[in-house]
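This briefing is a guided reading of one protein chain, taken topic by topic. Please keep the sequence and the structure open beside the text, and look up each residue as its name comes up.

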Amino acid sequence: MLHLCRNAKPSVICGAIQQSVRFLSVSHVSASNRQCKILVVGGGSGGCSVAAKLSSRLGPGKVVVLDPADNHYYQPMFTLVGGGMKKLEDSVCSMKETLPSLATWVRDSVAQFEPAVNAVVTSNGERIEYEQMVIAVGLELRYDRIPGLLEALAIPGGNVCSNYSPKYVNRTMEALQKFHQGNAVFTFPNSPVKCPGAPQKVVYISEHYLRKNRKRREAKIIYNTALPVIFGVKHYADVLWKVVEHRDIEVNLRTNLKQVIPERNQAVFENLDKPGEEHTIEYSLLHVTPPMAAPEVLSTCPGLANAAGFVDVNKDTLQHVKFPNIFAIGDCSSTPNSKTAASAAAQAPVVYRNMMAVMEGKSPSASYNGYASWSPRNWLQFLHSR
């Protein structure tokens, strides 16, 4: 997610929202039925930015944002928090400060989509009817899909960590500080992920930390990825292979974490190219990028999501293929790009312009170009400078 609170470094989206954060209308549970012109489901980077643009255009009371979270995290900073370069409190501000003041915030989550009748039902039983809807519910972290992982993460001061959750991100630096020797293992799951570069960034930051603190000679660094390539763009993949070779980092492709056995400090991996083939490795440090998935509330709604559970939209216009008054933005959409904050930022003006077109009885014409950069060039510069 993008960091949208007032103390963030300014960006185009942040600036648009910062202008109108003072007097946000907040609703807990009110009437059993509510009507609005625009319903934005999800208050992350995509939902915030579109809500700001639409409420600024339409005025107060026209846009409702449905989100249960009290806090908004700038998730790209988690990589730096795990590496000890930032503090977790630097990445968070309250949702009330983040959302645009002209929108109405309903502090609740969606329990059921009813797109055929232009309505949703919330977890508290409120029914919200809309003229148009933007779905921006993101991805869910599914630590529970790896047996033993939650138990390992619950061990105080343990050696299993994960940069992807504010609940666990501080464990990464703690585990690095306690590391003395052995296998330092890092994973990439067999699922879609937020920011596909992040699981690899923690490898390079950790390697640098261990070298800087004179622990590198005692460490074997292993990066096990479910992907068939080290990186999806060949130009950068070719350079990254040289980087891992120079830094003596072992990379195993099509290797997926299947189970964690915390009492033995063991991780079980499966070979995705050879079903049934597994191997177990002992770890002194294990960083896990969890499996991720679109929220189940999407996949349980007939016609709303595709077979993979993502909101089924036109990849260019971001308009739903079946329900023309529904759009999606960010990680929960079916667009084939990487799922990053940069992609949500690029999609926001497209969604806004196309929703305004539909509102005016026109066909959507704005097109998303697939941009989803995580700045690989900058990271390669970082790697070569160390």
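Predicted model: local features only at pLDDT ≥ 70, side-chain atom pairs only at ≥ 80, totals over all residues.

I249 is buried, because its relative accessible area is 8% and a residue counts as buried when that value is under 20%.

- When residues up to four places away in sequence are not counted, I249 touches V203, Y204, E207, R216, I221, Y223 and V244.
- D248 lies in the loop between α8 (234–246) and β14 (249–252), and D248 is exposed, with a relative accessible area of 60%.
- The backbone of D248 has a positive phi of about 55°, although this residue is not a glycine.

**L318, another residue with positive phi**

- L318 is a residue other than glycine with a positive phi, near 65°, and its place is in the loop between α9 (296–299) and β20 (326–328).
- Is L318 buried or exposed? L318 is buried, with a relative accessible area of 0%.

**M292 in strand β19**

- M292 belongs to strand β19, which covers residues 292–293, and M292 is buried, with a relative accessible area of 2%.
- The C-alpha atoms of M292 and K194 are separated by 8.0 Å, while the two residues are 98 residues apart along the chain.
- Leaving aside neighbours within four places in sequence, M292 is in contact with L139, E140, L141, Y164, S191, P192, V193 and K194.

**The pair of helices α6 and α7**

- Helix α6 (residues 170–178) packs with α7 at an angle of about 35°, and the axes of the two helices are 10 Å apart.
- The crossing that α6 and α7 make is right-handed.
- On the α6 side the residues that meet α7 are T172, M173, L176 and Q177, and on the α7 side they are V202, S206, Y209 and L210.
- Sorted by kind, the residues of this contact between α6 and α7 divide into 5 nonpolar, 3 polar and no charged.

**The nonpolar cores**

- In soluble globular proteins, nonpolar side chains tend to be buried together.
- The largest nonpolar core has 75 residues, of which L39, F113, V120, M133, I135 and L298 touch the most other members.
- Helix α7 (residues 198–212) gives the largest share of this core, 6 residues.
- Why does this core lie between domain 1 and domain 2? Domain 1 (33–139 + 294–360) and domain 2 (142–290) both give residues to the core, so the core lies between them.
- Apart from this core lies another one, of 26 residues, with V50, V134, M356 and A366 among them.
- L298 is in contact with F113, I135, V137, L304, A305, G309, V311 and C332, when its neighbours within four places in sequence are left aside.

**The chain as a whole**

- The chain has 11 helices and 20 strands, and of its 386 residues 55% count as buried.
- Among the contacts in the chain with a separation of 6 or more, 66% are accounted for by residues 24 or more positions apart.

Conventions: Residues numbered from 1 in each chain as written. Heavy atoms only, no water. Core = buried A, V, L, I, M, F, W, Y, C linked by side-chain atoms within 4.5 Å. Buried < 20%, exposed > 50% of the residue type's maximum accessible area, 1.4 Å probe, protein only. Helix = DSSP H or I, 4+ residues; strand = E, 2+ residues; numbered from the N terminus. Domains from an automatic or database assignment. Contact = heavy atoms within 4.5 Å. Axes fitted to C-alpha atoms, helices over the stretch in contact; angles between N-to-C directions. Left-handed = near helix turned anticlockwise from the far one by under 90°. Nonpolar A, V, L, I, M, F, W, Y, C, P; charged D, E, K, R; others polar.
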